[in-house]
Amino acid sequence: MSFWYWLVSFLPFEWAAPGTMLFMKNALLAVLVITPLFGLLSTMVVESRMAFFSDALGHSAFTGMAIGALCGLSQPTWAAVIFAVVIALLFTLVRQKTRMASDTAISVFSSAAVALGIFLSTLGGQSFTKFNTLLIGDILSVAPKEIALLAVILVLLVVLWVTSFNHMMLSAVHQALADSRGIKVVWKNFLFTAAIAVVVTVTMTWVGLLVINALLVLPGAAARNIARNLSQYHLIAILGGLVCGIGGLMLSYYVGASAGASITLLLAVWFFVTLLLRGTQ
Amino acid sequence: MRFAAKRDHSRIPLPVRPGTCTLQVRDLGVTMEEDVILHDVTFQLNCREITALIGPNGAGKSSLFRSILGQMPYDGSIKFLLAGGYPSRPKIGYVPQSPSFDRGYPISVLDFFAAAISRWPVFLPVPKDLRQRVEECLTRVHGQGLLDKRIGALSGGELQRVLLALALEPIPQILILDEPLSGVDVGGEHLLLEMLDEIRQKYDLSILFSTHDFSTLRHYADKVILLQQTILRQGAPKEVLGSREFQSVFHLNLEEEGGKAP
């Protein structure tokens with residue numbers, strides 16, 4: 001970390017001065033790790049039409065947190081990760097068996113999960129306020145150890161992408177074709193869904209449940225407007241995420257608003273810019 | 001999910017023409033939630049032959065394909081015999097029914113193809129040698145110029161050719177095409193059928209395709225199978241198209257469709 005602090009000290013910002021504002025420097029590093037993570041996931045989320053589903057996963061992650069807290073775990077995140085992966089597995093199976101991609105079914109899942117979460121966390125007249133951080137998120141609270149965890153997840157995701165992206169993409173684009181080429185479609189769907197589940201759950205504390213889905217959708221949706229092939233698609237999604245991530249963090253520092261919301265707003269602006277760019281092409 | 005073809009040694013195999021490989025389907029039946037989709041389907045595909053599968057919608061054509069592809073559980077037996085009568089597991093190339101690709105998806109023909117035939121993760125720029133390999137595959141269907149086009153921007157005929165090229169890599173022993181002519185204009189239709197003719201000569205494979213277009217069958221198909229839950233008639237195109245079964249199946253259907261029209 002001291003190397004990072006030393007590196008940041010070259011930046012021409014008041015918070016970058018050596019020995020001050022460590023939380024801001026941590027947050028910047030976390031953004032540099034989180035945004036590529038979401039950038040990579042977002043193109044697949046958009047193409048698999050999972051935007052709505054990832055939202056539901058976020059909600060069930062919150063329920064997992066509530067269950068973990070109820071069981072008296074000091075680290076409810078792990079309970080939430082397991083819970084979200086189980087939901088991901090269930091959903092993949094249900095989707096396969098009934099061939100429903102329907103928004104209604106997802107909505108049922110999502111509402112049930114979030115209701116259960118609120119029910120459990122307010123059981124016996126408890127106050128809900130301790131969960132507020134989960135809703136809004138606070139990237140400034142990220143600790144070096146947690147950044148290391150995020151970095152490990154990023155490395156794992158890149159490994160998963162390098163080994164499985166082709167098959168996951170073909171499964172999403174054309175199931176019958178993927179099937180006929182011997183791809184285990186259900187397994188690939190599950191791997192992808194589980195990856196979303198883990199990333200959403202682990203980052204929820206810092207990004208915030210209310211805006212996390214924007215990060216999963218907007219970088220891909222914006223890149224899609226201007227990319228012509230898959231490598232451009234991914235490059236633009238990741239770069240767009242990075243730039244808006246850094247910009248949003250700065251914005252939040254100077255105007256004193258939530259970082260998650262600022263990043264999302266910039267991404268939304270970026271999306272409309274790409275939409276205009278596409279229109280002029 | 002994959003289902004292995006059930007082995008059935010108790011029956012005497014159908015006669016095999018010497019020197020050719022065959023796919024033998026015997027007493028095939030498919031039942032789905034107590035609905036009989038197919039029953040008592042028995043036929044044979046020979047190498048270098050083009051067989052057309054015809055029948056009204058819901059006749060079970062796709063289920064028959066999926067059974068041969070091993071994507072669906074079935075009764076009866078499906079066996080593949082190499083020249084000389086040795087049983088083997090066939091390599092099957094499959095061209096799915098006019099898949100609808102999202103027009104906005106920024107995926108080029110090269111990306112799509114490379115993802116299917118190689119391990120190179122295609123979210124990274126595709127290296128030169130892989131690009132060359134894909135180009136060679138596309139040349140088989142005279143589609144080398146399509147390499148950098150977006151999949152969503154292809155015409156119906158172009159898309160079918162790309163999917164055909166994909167089904168030919170690696171070269172299969174049986175090529176199955178689900179309604180390859182739907183969504184393809186007349187010019188593209190002839191191009192595609194000429195290509196199938198060329199391919200079966202060149203690569204010594206048997207071709208099975210389903211179609212609703214009967215006008216081209218006499219020219220391009222060696223054999224026609226008329227299917228409606230079971231095989232009503234099979235044989236040379238002239239024989240099947242002139243049969244009473246063909247008349248009754250499609251005449252009946254015309255009446256039904258006429259009845260629905262306002």
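Residues are numbered from 1 along each chain as its sequence is written, while chains are lettered from A and ligands numbered from 1 in the order in which they are written. Because the model is predicted, local features need pLDDT of at least 70 and side-chain atom pairs count only at pLDDT 80 or more, whereas totals for chains, interfaces and linings use all residues.

Chain A holds 12 helices and zero strands. Helices (H or I, at least four residues) and strands (E, at least two) are DSSP runs, numbered from the N terminus. The radius of gyration of chain A, taken over C-alpha atoms, is 19 Å. The globule rule (2.2 Å times the number of residues to the power 0.38) gives 19 Å for 281 residues, so chain A is as compact as a globular protein of that length. Its C-alpha trace spans about 60 × 60 × 35 Å along the principal axes. Of the 281 residues in chain A, 49% are buried. A residue is buried if 20 or more other C-beta atoms lie within 10 Å of its own, exposed if 12 or fewer, and partly exposed in between; C-beta atoms are placed from the backbone.

Chain B has eight helices and 10 strands. Buried residues make up 40% of its 262 residues. Contacts (C-beta atoms, placed from the backbone, within 7 Å) were also sorted by separation in sequence. In chain B, 65% of the contacts with a separation of 6 or more join residues 24 or more positions apart. In chain A, the share is 73% for residues at least 24 apart, among contacts between residues at least 6 apart.

The two chains touch. In this interface, 20 residues of chain B are in contact with 23 residues of chain A. Helix α2 (residues 109–117) of chain B gives the most to the chain B side, with three residues. That side divides into 15 nonpolar, three polar and two charged residues.

Helix α5 of chain B covers residues 186–203. The buried residues of α5(B) are B:Glu189, B:Leu192, B:Leu193 and B:Ile199. Seen down the helix axis, they fall within an arc of 120°, so they line one face. The arc is that of the directions from the axis to the C-beta atoms. The face turned away carries the exposed residues B:Gly187, B:Gln201 and B:Lys202. Cover for the buried residues includes α4 (156–167) and α6 (217–220) of chain B. Just after α5(B), B:Asp204 takes a positive phi of about 55°.

Key:
Contact = placed C-beta atoms within 7 Å. Nonpolar A, V, L, I, M, F, W, Y, C, P; charged D, E, K, R; others polar. Expected span 1.5 Å × (residues − 1).
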